[in-house]
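Please read the following report alongside the sequence and the coordinates. It takes up individual residues and the elements around them in turn.

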Amino acid sequence: LLLPLAGVVAAGLGALDVRARLMNMYPPLYGGLLAGAVTAVALYVVVRLICFQWSGVLSHWENHSTRSGFHASVAAKCFSLETLAHLLPVLYIALINQPLLSRFAPANEPSIVDALTIQATAVFLMWWVCVASVSSVQAWRWHTRAQGVAEELGAEGGKPDFNHREQAARPKFPGAMESGAWLSLQLVYAFVLGACCPLAPVLLYLWVMHRLHHDKSALIYVFQRPHPQSAPGGGFWAESFQIVIVTALAVQIPLILFCTRAVEWWLPSMTLEERWGLLGSLEMLVAALSAYLLARSLRLGSEPSDPKDKVVMV
């Protein structure tokens, strides 16, 4: 796991150095948008095309005894690596903002909030465009494959039906692993970085509607109908909602206390020492909430699972 983790950190720091150079060459808005595009493409290539594949290999080496355990392991690795890749540049700008390979700082906007907003919004928008483009190409390929199957089998109306001969000619459904990974990262932007990325909730809604139609069409016209299988629960993607919420609380608290003017507006007499004390108290509450949720998930995970969930890893 250290190898993909090192690749993610290197990609994030390299993108920050490129941002510092572009921000020095262009005005803040254009430089930030261009740097966001470069960062999104770099993170997409490193995380999606390299780290996700390596996460699957590592999960196979772990030799899980259940299908749900294998899927949860892969999902946890993918979610952790991609979340780290996207949060690392934002946290570096917010907390450190020191030159890396060049002599320029990654953010030179008038305020740190402006820098965070431009960085988070530009990266998320460009990443969303990349993912949507790949999904559109995949949908077009599926549609072309469905038309070929329909013409080969002579289906009426140019659309395949559900007879056993036609179903046997279709490829197996690959599952919703990538769909869950894309959804989890958008939840990170919508909840954790919602104050810095106002476009995230809107694009998240559009993505959910698109995936519902996309997966429905794929199951009806392209892939084999999967056989019903037992599942102990929603898996890691359902459990990741709690992680996203706790992370959102931990990140939003210092942003509100130190990076915005909300405290100065509502509590003008609050000193810097009082802000640090409030930060410590609230973060301790977040840590207590995290411990409670972790203990609850471990208690639920210790319950005996369905024997039908057992598989033999090849």
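## Cysteines

In this predicted model, C197 is buried, because its relative accessible area comes to 0%. The cysteine sulfur closest to that of C197 belongs to C196, and because the two sulfur atoms are 8.4 Å apart, they are too far from each other for a bond. A disulfide is a covalent bond between the sulfur atoms of two cysteines, and the structure holds zero disulfides.

## Overall fold and confidence

The protein chain contains ten helices and zero strands, so that, read from the N terminus on, its elements run α-α-α-α-α-α-α-α-α-α. Of its 314 residues, 38% count as buried. Among the contacts in the protein chain with a separation of 6 or more, 75% are accounted for by residues 24 or more positions apart.

The average pLDDT of the protein chain is 78, and 84% of the residues score at least 70. Confidence is highest in helix α1 (residues 2-25), at a mean of 87, and lowest in helix α5 (residues 164-169), at 73. Over residues 302-314 the pLDDT stays under 50, and for this stretch the model has 16 contacts beyond four places in sequence.

In soluble globular proteins, nonpolar side chains tend to be buried together. The largest nonpolar core here has 39 residues, of which F124, W127, W128, Y189, V192 and L193 touch the most other members. At least two residues of this core are supplied by each of α2, α3 (67-95), α4 (112-153), α6 (177-192), α7 (200-221) and α8 (236-259), and the largest share, nine residues, comes from α4. Apart from this core lies another, of 13 residues, including V8, V47, L81 and A181.

The surroundings of V192 can be listed in detail: not counting residues up to four places away in sequence, V192 touches L87, L187, V244, T247, A248, V251 and Q252.

## Aromatic rings

A pair of aromatic rings is described by the distance of the centres and the angle of the planes. The count of aromatic pairs in this model comes to three. W54 and W61 form an edge-to-face pair, with 5.5 Å from centre to centre and 85 degrees between the planes. W54 is partly exposed, given its relative accessible area of 29%, whereas W61 counts as exposed, at 60% relative accessibility. Ring pairs also link F124, W127 and Y189 into a cluster, and these three residues are among those that touch the most other members of the largest nonpolar core.

Q119 is found in helix α4 and counts as buried because its relative accessibility is 3%. Leaving aside neighbours within four places in sequence, Q119 is in contact with R19, T39, P89, V90 and I93.

One of these partners, T39, lies in helix α2 and likewise counts as buried, at 1% relative accessibility. With neighbours within four places in sequence again left aside, T39 is in contact with A15, Q119 and V123.

Helix α2, which covers residues 28-62, bends by about 35 degrees at C51. Just after α2 comes N63, which takes a positive phi of about 55 degrees, a positive value in a residue other than glycine. N63 is found in the loop between α2 and α3 and is exposed, because its relative accessible area is 54%.

N97 also has a positive phi of about 55 degrees although it is not a glycine, and the place of N97 is in the loop between α3 and α4.

L285 and L249 are 36 residues apart in sequence, and their C-alpha atoms are 9.8 Å apart in space.

Terms used:
Residues numbered from 1 in each chain as written. Predicted model: local features only at pLDDT ≥ 70, side-chain atom pairs only at ≥ 80, totals over all residues. Heavy atoms only, no water. Bend = angle between axes of the 7 residues up to and from the residue. Helix = DSSP H or I, 4+ residues; strand = E, 2+ residues; numbered from the N terminus. Core = buried A, V, L, I, M, F, W, Y, C linked by side-chain atoms within 4.5 Å. Buried < 20%, exposed > 50% of the residue type's maximum accessible area, 1.4 Å probe, protein only. Contact = heavy atoms within 4.5 Å. Disulfide = S-S within 2.5 Å. Phe/Tyr/Trp six-rings, centres within 6.5 Å; stacked < 30°, edge-to-face > 60°. pLDDT = per-residue confidence, 0-100.
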